[in-house]
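I opened the model to look up a few points and write them down. The entries follow in the order I took them.

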Amino acid sequence: MSRQVTAPGRAREYETIYILRPDIDADGAEKIGSRLAEVVGREAGRLTKVETWGRRRLAYDIAKHRRGVYVYLKYLGGGKVVSEIERNLRLFDGVLKYQTVLVRNDVETQDVTIADEDVKFERLELTPLEDDRDDSRERQLGLIEPERRVDRSSEVAPPDLEDGEEAEAEGATDEEES
């Protein structure tokens with residue numbers, strides 16, 4: 001099996017997208033990001049772009065989560081960088097999934113210009129998770145009628161009724177609901 005060796009001053013360009021748990025706190029996400037930046041630097045690679053895409057709905061449930069926080073990395077380096085990044089992503093409990101793709105095989109590292117704001121990991125500021133209703137597929141398609149809840153707080157007897165009339169009015173509303 002032959003292995004392609006890159007020339008000095010040249011590297012491969014990779015993209016890695018990883019998905020964090022939706023309930024991760026900002027400190028946990030920052031710890032993962034700083035660790036990955038450290039790994040890329042230690043393995044003689046260069047980060048070229050970091051984007052936080054925020055919390056999004058997953059295509060399918062992963063570890064009983066319907067949503068995840070997506071983070072996109074683009075970097076230059078060799079195979080060692082990729083294997084070390086993926087090893088570190090496997091170690092973190094906050095990471096649900098990740099995928100790395102080779103974008104370009106032979107890149108001049110001197111030709112790549114990198115802006116400082118492009119390689120900073122943003123502090124993750126997420127709104128609290130709202131409860132996702134566990135709707136079945138039949139309910140989503142409208143085959144099952146949605147549950148109806150009766151709001152009792154809006155049912156107030158008119159103030160001009162006497163005690164006897166108020167009891168009759170309550171009995172009439174109970175019969176109409178049945």
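I call a residue buried under 20% relative accessible area, exposed over 50% and partly exposed in between, with a 1.4 Å probe and protein chains only. Helices (H or I, at least four residues) and strands (E, at least two) are DSSP runs, numbered from the N terminus.

Sources. This is a predicted model, where local features need pLDDT of at least 70 and side-chain atom pairs count only at pLDDT 80 or more, while totals for chains, interfaces and linings use all residues. Residues are numbered from 1 along each chain as its sequence is written, and side-chain values use heavy atoms, with hydrogens and water left out.

Entry 1, overall. I counted four helices and four strands in the protein chain. Along the sequence I read the pattern β-α-β-β-α-β-α-α. Of the 178 residues, 28% count as buried. I took contact as heavy atoms within 4.5 Å. Among contacts with a separation of 6 or more, 77% come from residues 24 or more positions apart.

I found 17 residues in helix 1, residues 26-42. From first C-alpha to last, helix 1 reaches 24 Å, close to the expected 24 Å; the expected span is 1.5 Å times one less than the number of residues. Which residues of helix 1 are buried? I listed Ala26, Gly28, Ala29, Ile32, Gly33, Leu36, Val39 and Val40. Their cover includes strand 1 (10-20), strand 2 (46-62), strand 3 (65-77), helix 2 (79-91) and strand 4 (95-108). Just after helix 1, alanine 44 has a positive phi of about 60°.

I treat two strands as paired if DSSP finds at least two bridges between them. Strand 3 runs antiparallel to strand 1, with nine bridges; one of the residues I checked, tyrosine 18, has valine 71 in strand 3 as its bridge partner. Eleven bridges join strand 2 to strand 3, also antiparallel, and arginine 57 is partnered there by arginine 67. Strands 2 and 3 make a hairpin with two residues between them, and alanine 63 in the turn has a positive phi of about 50°.

I defined a nonpolar core as a set of buried Ala, Val, Leu, Ile, Met, Phe, Trp, Tyr and Cys residues joined through side-chain atoms within 4.5 Å. The largest has 22 residues, of which Tyr18, Leu20, Ile32, Tyr75 and Ile85 touch the most other members. Strand 1, helix 1, strand 2, strand 3 and helix 2 each supply at least two residues of this core. Helix 1 gives the most, with five. A second, separate core of five residues includes Ile19, Leu58, Ile62 and Leu96.

Leaving aside neighbours within four places in sequence, I found tyrosine 75 in contact with residues including Arg12, Tyr14, Val40, Leu47, Val82, Ile85 and Thr100.

Entry 6, aromatics. Rings of Phe, Tyr and Trp (its six-membered ring) pair if their centres lie within 6.5 Å; planes under 30 degrees apart count as stacked, over 60 as edge-to-face and the rest as tilted. My search of the whole structure gave two aromatic pairs. Tryptophan 53 and tyrosine 72 form a stacked one, at 5.5 Å centre to centre and 10° between the planes. Tryptophan 53 lies in strand 2 and tyrosine 72 in strand 3, so the pair ties together parts 19 residues apart in sequence. Tryptophan 53 is partly exposed at 33% relative accessibility, whereas tyrosine 72 is buried at 9%.
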